[in-house]
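Q: Could we go through this one together? I'd like to start with a term before getting to the residues.

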Amino acid sequence: MSGHDLGVEVPTSPGGVRVERVVTSGVFELDGGAWDVDNNVWLLGDDDAVLVVDAAHDARAILDAVGGRRVAGIVCTHGHNDHVNAVSDLIAETGATAWLHPDDRVLWDQSQDEAPGGDLADGQVFTVGDVEATVLHTPGHAPGACCLHVPALGVLFSGDTLFAGGPGATGRSYSDFPTIVDSIRTRLLTLPSATVVLTGHGDPTSIGDEAPHLQEWLDRGH
């Protein structure tokens with residue numbers, strides 16, 4: 001999928017940095033279970049270089065979308081296998097560094113043989129062309145779950161922390177509902193309401209669309 005297939009309007013920076021989406025399919029495995037899933041792989045970049053957000057399932061599809069551009073890095077929003085299972089092939093093809101918050105090594109190590117090349121940290125900034133993407137540590141769905149905020153484009157790559165309709169799942173190992181709600185309330189709902197939320201699965205949403213429903217999520221408990 002190309003930039004005009006995002007399902008929402010996202011601007012291009014003056015320097016040509018834009019968002020593109022690749023949808024890949026595979027299996028999510030945790031706690032002895034397996035589920036078929038479709039994942040959003042996001043590319044943030046210009047004609048020269050791209051940052052890959054979540055390398056899911058199909059390295060070839062991601063590389064086809066990257067084309068001849070340099071992969072400036074692979075940001076893993078968390079360590080669940082369905083978000084990192086194409087990382088090793090991408091690294092082998094591009095030499096790029098994969099970044100993961102160290103609190104998610106417990107999940108990463110369930111499916112990956114090699115350590116990630118870099119540690120994500122809250123407040124860390126990735127520069128792509130003329131835009132900056134800031135790491136927000138948002139634990140809950142996973143201990144090291146992170147989002148990427150790109151103020152210049154008005155977008156947030158939310159991984160599995162926030163979706164259209166509420167928080168990411170917290171019913172499995174290493175997840176916690178009060179923690180994810182606290183992350184969303186303090187780190188995400190404080191962003192401008194027009195911020196477009198580009199999720200790890202499914203359709204985009206916005207901070208303004210989700211913020212009014214916080215109490216509903218608390219009442220239902222998930």
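Q: What does buried mean here, in terms of relative accessible area?
A: Buried means under 20% relative accessible area, while exposed means over 50% and partly exposed covers what lies in between; please keep in mind that this is a predicted model.

Q: OK, so is Phe 126 buried or exposed?
A: Phe 126 has a relative accessible area of 9%, which is under the 20% cut-off, so Phe 126 is buried.

Q: And Trp 99, what does that count as?
A: Trp 99 counts as partly exposed, because its relative accessibility is 22%, and the range for that class lies between 20% and 50%.

Q: How many aromatic pairs are there in the whole structure?
A: The search of the whole structure gives 3 aromatic pairs. One of them is formed by Trp 99 and Phe 126, edge-to-face, with 5.4 Å centre to centre and 85° between the planes.

Q: Where do those two sit in the chain?
A: Trp 99 lies in strand β5 (residues 98–100) and Phe 126 in strand β7 (residues 125–128), so that the pair links distant parts of the chain, 27 residues apart.

Q: Switching topic: what sits over the ring of Trp 35?
A: That is the charged end of Arg 172, which is placed 4.1 Å from the centre of the Trp 35 ring.

Q: And Ser 158, which strand is that in?
A: Ser 158 belongs to strand β10 (residues 155–159), and it counts as buried because its relative accessibility is 0%.

Q: What does its side chain reach?
A: The Ser 158 side chain reaches the backbone oxygen of Leu 162 at 2.8 Å. If neighbours within four places in sequence are left aside, Ser 158 is in contact with Cys 147, Val 197, Leu 198 and Thr 199.

Terms used: Residues are numbered from 1 along each chain as its sequence is written. This is a predicted model: local features need pLDDT of at least 70, side-chain atom pairs count only at pLDDT 80 or more; totals for chains, interfaces and linings use all residues. Side-chain values use heavy atoms; hydrogens and water are left out. Helices (H or I, at least four residues) and strands (E, at least two) are DSSP runs, numbered from the N terminus. Buried means under 20% relative accessible area, exposed over 50%, partly exposed in between (1.4 Å probe, protein chains only). A polar contact is a pair of N or O atoms within 3.5 Å; within protein, one must be able to donate a hydrogen and the other to accept it, and residues adjacent in sequence count only if both atoms are side-chain atoms. Contact means heavy atoms within 4.5 Å. Rings of Phe, Tyr and Trp (its six-membered ring) pair if their centres lie within 6.5 Å; planes under 30 degrees apart count as stacked, over 60 as edge-to-face and the rest as tilted. A charge sits over a ring if NZ of Lys or CZ of Arg is within 6 Å of the ring centre and within 35 degrees of the ring normal.
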